[in-house]
Amino acid sequence: MSVKFQLKSNIPENLGIPSDKILNYIEHLERHRLCLHSFMILRHGEIAAEGYYPPFTANRNHRMYSTSKTYVAIAIGMLADEGKIKLNDKIIDYFPEHLPANVNPYLADATIRDLLMMSTPYTYGTYGRDDKDWVWTFLNREPSHPGGTIFQYDTSGTVYLNGIVEKVSGTNLLDYMRPKLLDKIGFSKDAWCVERPEGGSWGGSGVECSTHDMAKFALLLLNKGRWNGEQLVSEAFMNEATSALIDNRISTSDPELQFGYGYQIWRTRNNGYATVGMGSQMSVCVPDKDLVFLTTGDTQIIGYGNNLILDTFWTEVYPYISDEKLPENNCAYEKLSNKLKNLKFLPVEGNLTSNKLNLYNGKKYILNPNPMKISEITFNFNGEKASMDYINATGAHTINFGIGDYVYGEFPENHYFGRKIGVKQTKGYDYKASGAWFNDDNLMIYLYVIDDYFGTLKISVSFKDKQISMMMNKVAEWFLDEYQGFAAGYLAE
């Protein structure tokens with residue numbers, strides 16, 4: 001298989017999928033204003049449909065969050081196939097230099113297999129953003145129960161497995177996987193992974209790769225580790241990894257993912273299994289139909305995002321997939337094609353202006369003490385473009401936003417993490433933002449961070465006589481923390 005392997009595209013009907021059902025699927029998700037970045041449906045190894053919401057494209061690297069965990073699991077399987085580790089190995093044997101003086105029996109008995117199944121001996125994850133060594137923390141927290149018994153989603157267990165991969169292989173996660181697997185499936189050379197504070201990959205959350213990379217990896221999972229006639233990961237390991245090995249119904253809130261859990265892989269309905277990352281980075285494999293569908297996005301602020309994507313696919317598309325080639329439907333295919341060429345994430349709903357705009361435009365407001373530490377704020381409106389100018393604890397800043405559409409910008413805080421956790425970057429994250437008027441006195445702004453990190457900030461502003469009230473609500477992991485809460489103030493005279 002050439003390292004330049006490219007996925008082939010086909011007409012949906014040729015693959016047994018009705019074009020109009022795919023269109024229904026897309027439009028249903030858009031009606032819920034779900035923030036998708038891309039989606040793809042593959043059948044028999046070919047692309048039936050794919051779409052990208054600007055500025056995202058097929059080959060742009062995208063943060064995959066917890067879908068990264070499955071890469072760690074496959075790397076563990078590769079090491080096991082090589083005889084370098086065993087799944088029943090005790091995890092404490094791999095980092096004896098980090099062990100406490102007295103090792104808790106629960107920790108001493110925990111195995112690699114336990115961690116693969118998300119059944120660590122801990123109640124909560126063992127590290128935080130300020131910890132300096134995440135492998136060390138995993139061995140130096142107090143366990144609560146025997147490993148391998150109860151499913152409890154815990155990224156720190158994956159981080160420890162990632163540490164094992166890198167210690168045994170002598171290189172980082174993706175570099176270990178490249179020659180024996182990733183290069184063979186045509187994975188991007190410029191794919192990379194966010195680093196842990198102590199160095200090494202953050203395989204629990206940090207893989208950055210393209211939608212096409214994600215699709216190729218999903219096809220490898222669908223085919224149980226086999227690619228172009230070569231078994232890259234043993235079928236025995238893959239059969240275990242994709243099985244329901246542990247009951248996850250109690251601690252999993254998403255009803256569409258309560259079908260059991262394998263090795264860093266979720267089971268779904270219709271005998272499927274999936275990689276799942278925060279914000280709906282998902283790839284779902286359905287062997288019974290030789291089918292893969294996947295999405296990327298930032299649905300963090302919509303709690304039911306994953307369920308909506310899955311349920312909509314199961315109801316709008318899956319029942320209509322045929323085992324045979326379908327008759328041509330040029331009209332439906334043309335409508336779908338036009339839709340895919342013109343995907344556009346909808347701006348904030350509302351009015352494009354306020355009848356009281358002259359009362360608020362360019363006026364400075366002094367704010368009372370507030371959680372955001374914003375001391376003053378001014379809103380400026382100029383047709384389809386607007387700005388929020390403000391002073392907070394880090395200085396004077398501007399957030400630009402569109403009225404009736406999105407504008408792009410660089411977020412005015414430059415102290416968030418970059419390619420390594422714990423190391424601040426010197427530029428702000430890229431974002432797109434849109435605003436609209438709910439009525440003459442109420443303005444709403446949505447801001448989506450679209451960088452190596454994803455997050456959403458929603459701002460509600462209400463003007464009342466010479467007063468102003470504001471609420472900021474953010475959903476983002478380890479950034480935008482100073483943009484959360486209520487504020488009130490008055491017009492500066």
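Modeller: First, a definition. Ala, Val, Leu, Ile, Met, Phe, Trp, Tyr, Cys and Pro count as nonpolar, Asp, Glu, Lys and Arg as charged, and the others, Gly among them, as polar. The model is predicted: local features need pLDDT of at least 70, side-chain atom pairs count only at pLDDT 80 or more, and totals for chains, interfaces and linings use all residues. Residues are numbered from 1 along each chain as its sequence is written, and side-chain values use heavy atoms, with hydrogens and water left out.

Colleague: What makes a space a cavity or a pocket?

Modeller: The work is done on a 1 Å grid over the protein atoms alone. A cavity is a set of points where a 1.4 Å probe fits but cannot get out. A pocket is an open set with protein on both sides within 12 Å along at least five of seven lines. Lining residues have an atom within 4 Å of a point. Points are joined across faces, edges and corners, and the volume is the space filled by probe spheres set on them.

Colleague: Which residues line the largest cavity, and how do they divide?

Modeller: I26, L29, E30, R33, L34, L36, Y53, K344, F345 and L346 line the largest cavity. They split into seven nonpolar, no polar and three charged. The space is about 80 Å³. Helix α1 (residues 19–31) gives the largest share of the lining, three residues. Helices (H or I, at least four residues) and strands (E, at least two) are DSSP runs, numbered from the N terminus.

Colleague: How many cavities reach 30 Å³ or more?

Modeller: Three. The second largest cavity has about 40 Å³. Its lining includes S66, K69, Y153 and W266.

Colleague: What lines the largest pocket?

Modeller: The largest pocket has 32 lining residues, with S66, Y153, T155, G277 and M278 nearest its centre. α6 (155–169), β10 (272–277) and α10 (305–316) each give two or more. The lining holds 10 nonpolar, 18 polar and four charged residues. About 770 Å³ of space lies inside.

Colleague: And what is the volume of the second largest pocket?

Modeller: About 260 Å³. R33, V348, E349, Y446 and K458 are the closest to its centre, out of 21 lining residues.

Colleague: How many aromatic pairs are there?

Modeller: The count is 41. Rings of Phe, Tyr and Trp (its six-membered ring) pair if their centres lie within 6.5 Å; planes under 30 degrees apart count as stacked, over 60 as edge-to-face and the rest as tilted.

Colleague: Why is the pair of F313 and W314 called edge-to-face?

Modeller: Their ring centres are 5.9 Å apart and their planes stand at 75 degrees, so the pair is edge-to-face. Both F313 and W314 are buried (under 20% relative accessible area; exposed is over 50%, partly exposed in between; 1.4 Å probe, protein chains only).

Colleague: What makes R419 count as lying over W192?

Modeller: The rule asks for NZ of Lys or CZ of Arg within 6 Å of the ring centre and within 35 degrees of the ring normal. R419 lies over the face of W192, at 3.7 Å from the ring centre. R63 sits over the ring of Y453, 4.8 Å from its centre.

Colleague: How do you know that α7 is mostly covered?

Modeller: Seven of the 10 residues of α7 (residues 173–182) are buried. Among them are L173, Y176 and R178. The cover includes α2 (68–81), α6, β5 (192–193) and α8 (211–222), by contact (heavy atoms within 4.5 Å).
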